[in-house]
Amino acid sequence: MTAGEETEGVGDDPYGEGWDATRSWVEHGLSGAERIEKVVRLRGGWTSRMRRLDLGGPDGRRSLVLRSFVAPFYVRHAEGLLTREADILRLLADTDVPAAELVAVDATARHCDHPSLLMSLLPGTVRVGDRQADDRADLLARQLVRIHHLPVPAQRRPRTYQPWASAERVSPPADTERPELWQRAIDVIRREPPAYQGRFLHRDFHPGNVLFTGTGEDLRISGVVDWVETSWGPADLDVAHCSTALALLHGVPAGMRFADRYAAAGGTLAEDRAAHLHWRLLDALGFAPDAEKVGVPWRELGRVDLTARVLTERLEGYIHALFERYA
């Protein structure tokens with residue numbers, strides 16, 4: 001087992017929420033005499049239940065990945081999210097983006113216990129440690145440029161992006177010593193969003209959604225996962241999201257360098273500094289007040305150093321650095 005995995009019995013339900021119908025749905029779609037031999041819980045995510053299903057049959061062994069939405073909020077939105085992911089996986093099948101192959105989807109839980117999507121297993125692992133973080137960031141930038149440059153026909157474009165923060169909903173840390181900094185940031189996103197050139201966005205591109213293989217000079221991206229939020233919008237917004245994540249994972253300087261890495265890889269960002277600042281803050285404020293929504297899965301992957309206090313301090317320091325550079 002690698003980090004972030006936990007073996008279950010085939011019939012077990014460690015979440016106490018039932019998956020008998022889902023298992024039957026999966027088995028009904030298997031080829032020949034294939035059967036599920038082992039179930040492995042995949043940790044590190046927070047929006048859905050992820051399982052690796054190890055299959056055996058006359059033609060050998062293979063593995064699939066099962067995503068199921070269980071939390072009430074995501075169940076309510078599952079039809080749109082999973083239908084979108086299924087459509088995007090079909091679209092990416094004809095590109096060089098290393099995405100999973102769609103196997104089946106039951107977005108409304110017509111057959112399953114919970115809305116679910118079944119896809120192929122990609123090689124590699126999520127890596128969130130500080131070792132080789134700069135090398136991974138370079139690869140992330142180059143991969144994101146390739147995603148943004150995908151030629152997507154107008155009729156196959158995903159929905160227009162939706163902001164994950166608004167001036168009315170932002171909650172600064174209760175114990176902040178810089179309330180004026182937070183108010184200044186809130187005032188920026190209160191304004192109308194800048195004009196932008198639309199691009200195909202992953203929309204949730206960050207180290208937790210990218211798989212790597214190899215080390216040193218052999219380090220490679222082997223997969224990009226979690227396409228449920230794919231949207232059409234400004235490249236700055238995808239860069240902003242990855243930048244915030246890098247700042248939280250590896251420190252403020254790592255987050256501040258990512259836009260430069262993206263530009264060096266051939267990406268194009270807003271020429272107007274105020275416009276770029278808007279997109280960066282729009283993303284960063286979506287993590288307020290304490291970034292715990294990413295802290296929990298990252299700690300499951302071994303980053304026990306990322307306490308709520310550390311994440312809050314890094315988020316606040318990152319917002320300050322954005323104003324220092326772009327205001």
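## How helix 6 meets its neighbours

Helix 6 and helix 7 are roughly antiparallel to each other, because the angle between them is about 150° and anything over 145 degrees gets that label. Keep in mind that this is a predicted model. The axes of helix 6 and helix 7 (residues 252-264) sit 6 Å apart, and helix 6 passes helix 7 in a right-handed crossing. On the helix 6 side, the contact is made by A235, V239, C242, S243, L246, A247 and H250. Helix 7 brings V252, A254, G255, F258, A259 and Y262 to that contact.

Now look at helix 8. Helix 6 (residues 235-250) packs against helix 8 at an angle of about 50°, and their axes are 8 Å apart. That angle makes helix 6 oblique to helix 8. Here, too, the crossing is right-handed. From helix 6, the residues involved are D236, L237, A240, H241, S243 and T244. Their partners in helix 8 are H276, W279, R280, L282, D283 and A284. If you like patterns, here's a handy one: an α-helix has 3.6 residues a turn, so residues three or four places apart point the same way.

## Rings that pair up

How many aromatic pairs does the structure hold? There are six. Take F73 and Y74: their ring centres are 5.0 Å apart and their planes meet at 85°, so the pair is edge-to-face. F73 is partly exposed, with 43% relative accessibility, while Y74 is buried at a relative accessible area of 15%. Ring pairs also bring in F69, giving a cluster of F69, F73 and Y74.

Another edge-to-face pair is Y196 with W279, at 5.9 Å centre to centre and with 85° between the planes. Y196 sits in the loop between helix 5 (179-190) and strand 7 (199-201), and W279 sits in helix 8 (residues 273-284), so this pair ties together parts that are 83 residues apart in sequence. Are the two partners buried or exposed? Y196 counts as partly exposed at 34% relative accessibility, whereas W279 counts as buried at 1%.

## Charges sitting over rings

Rings can have a charged neighbour as well. R184 lies over the face of F323, 4.1 Å from the ring centre. K293 does likewise with F287, lying over the ring's face at 5.2 Å from its centre.

Helix 9 covers residues 292-300, and its buried residues include V294, G295, P297 and W298.

In the loop between helix 8 and helix 9 you'll find P289, which is joined to A288 by a cis peptide bond with omega of about 10°. After helix 9 comes G302, whose phi is positive, near 110°.

## A buried proline

Where is P115? This proline lies in the loop between strand 5 (102-106) and strand 6 (116-120). P115 is buried, with a relative accessible area of 5%. Leaving out residues up to four places away in sequence, P115 touches R67, S68, F69, V75, A78, L82, D106, A107 and A109. One of these, F69, belongs to the ring cluster with F73 and Y74. As for A245, that residue is 130 residues from P115 in sequence and 28 Å away in space, C-alpha to C-alpha.

## Two positive phi angles to look for

Q132 isn't a glycine, yet its phi is positive, at about 60°. Look for Q132 in the loop between strand 6 and helix 4 (133-148). Its relative accessible area of 17% makes Q132 buried, because the cut-off for buried is under 20%.

R203 is another residue that isn't a glycine but has a positive phi, this time about 85°. R203 is in the loop between strand 7 and strand 8 (210-213). With 2% relative accessibility, R203 counts as buried.

Methods. Residues are numbered from 1 along each chain as its sequence is written. This is a predicted model: local features need pLDDT of at least 70, side-chain atom pairs count only at pLDDT 80 or more; totals for chains, interfaces and linings use all residues. Side-chain values use heavy atoms; hydrogens and water are left out. Rings of Phe, Tyr and Trp (its six-membered ring) pair if their centres lie within 6.5 Å; planes under 30 degrees apart count as stacked, over 60 as edge-to-face and the rest as tilted. Buried means under 20% relative accessible area, exposed over 50%, partly exposed in between (1.4 Å probe, protein chains only). Helices (H or I, at least four residues) and strands (E, at least two) are DSSP runs, numbered from the N terminus. A charge sits over a ring if NZ of Lys or CZ of Arg is within 6 Å of the ring centre and within 35 degrees of the ring normal. Axes are lines fitted to C-alpha atoms, for helices over the stretch in contact, and angles run from 0 to 180 degrees between N-to-C directions. Angles under 35 degrees count as roughly parallel, over 145 as roughly antiparallel, 65 to 115 as roughly perpendicular and the rest as oblique. A crossing is left-handed if the near helix is turned anticlockwise from the far one by less than a right angle, and right-handed if clockwise. Contact means heavy atoms within 4.5 Å.
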